[in-house]
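Dear colleague,

I am handing over a structure that will be new to you, and my notes on it follow below. Please read them with the sequence and the model open beside you.

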Amino acid sequence: MALQNLRVRHITGDVSTDDIIPARYKHMYTNPADLAPHIFENFRPGFAETVQTGDLIVCDGVFGIGSSREQAVSSMLEKGIKVVIAPEFGRIFYRNAWNLGLIAIQLQNSSFEEGENISVNLTKGRVECIQRQFSFSPPSDFMINMMATGGLLNYVCQQLQKG
């Protein structure tokens, strides 16, 4: 499974799920489409308005620490973010990401430029751009198949239909 031409967007520092989607919106809305315009609203004002479908977030800190809110993942997916690369993830966020269909790649010391286009090959465990390439431990075949269907719920529904 490979994703091509993902635009790099940088987020600096440790990021909590409350930084991704402030709690007041979590209690106000249930639809990810209503949440998506508010991603990183307090942490990085104006960021949501610049996100395009197919963007990838590269973070230099721990990403997704704090509460277990799935809305942090679903709102980023709704906004069009496909992948997050960070040296470390909050454990619950990491699991929620994969379960909902957001690719979370743990990668130390990546050096991508803001706006640069990169490709991610999950099967080979590589992130590539024009001048360099980085390797990561590829996910299991099960995880890749799960991502290909859009997350755990879609995967389970597909398996039940096969019956």
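This is a predicted model: local features need pLDDT of at least 70, side-chain atom pairs count only at pLDDT 80 or more; totals for chains, interfaces and linings use all residues.

**The sheet**

Strand β1 (residues 2–11) and strand β3 (residues 55–59) run parallel and are joined by five bridges; strands here are DSSP runs (E, at least two residues), helices likewise (H or I, at least four residues), and both are numbered from the N terminus.

Residues are numbered from 1 along each chain as its sequence is written, and side-chain values use heavy atoms, with hydrogens and water left out.

β1 and β3 belong to an open sheet of seven strands with mixed pairing, in the order β7-β5-β3-β1-β8-β9-β10, where two strands pair if DSSP finds at least two bridges between them. At its edges lie β7 (103–106) and β10 (133–135), each of which pairs on one side only. From one strand to the next the twist averages 30°, with axes taken as lines fitted to C-alpha atoms (for helices over the stretch in contact) and angles running from 0 to 180 degrees between N-to-C directions.

**The aromatic rings**

The count comes to 11 aromatic pairs, a pair being rings of Phe, Tyr and Trp (its six-membered ring) whose centres lie within 6.5 Å, called stacked if the planes are under 30 degrees apart, edge-to-face if over 60 and tilted otherwise. The rings of F40 and F43 are tilted, because their planes stand at 50°, with centres 6.5 Å apart. F40 also pairs with F47, and there the planes stand at 85° and the centres 5.3 Å apart, so this pair is edge-to-face.

F40 is buried at 0% relative accessibility and F47 is buried at 3%, whereas F43, at 29%, is partly exposed (buried means under 20% relative accessible area, exposed over 50%, partly exposed in between, with a 1.4 Å probe and protein chains only).

**Two helices**

Helix α6 (residues 91–100) packs against helix α7 (residues 141–148) at an angle of about 60°, with their axes 8 Å apart. That makes α6 oblique to α7 (angles under 35 degrees count as roughly parallel, over 145 as roughly antiparallel, 65 to 115 as roughly perpendicular and the rest as oblique). R95, W98 and N99 of α6 make the contact with M143, M146 and M147 of α7, where contact means heavy atoms within 4.5 Å.

With kind regards
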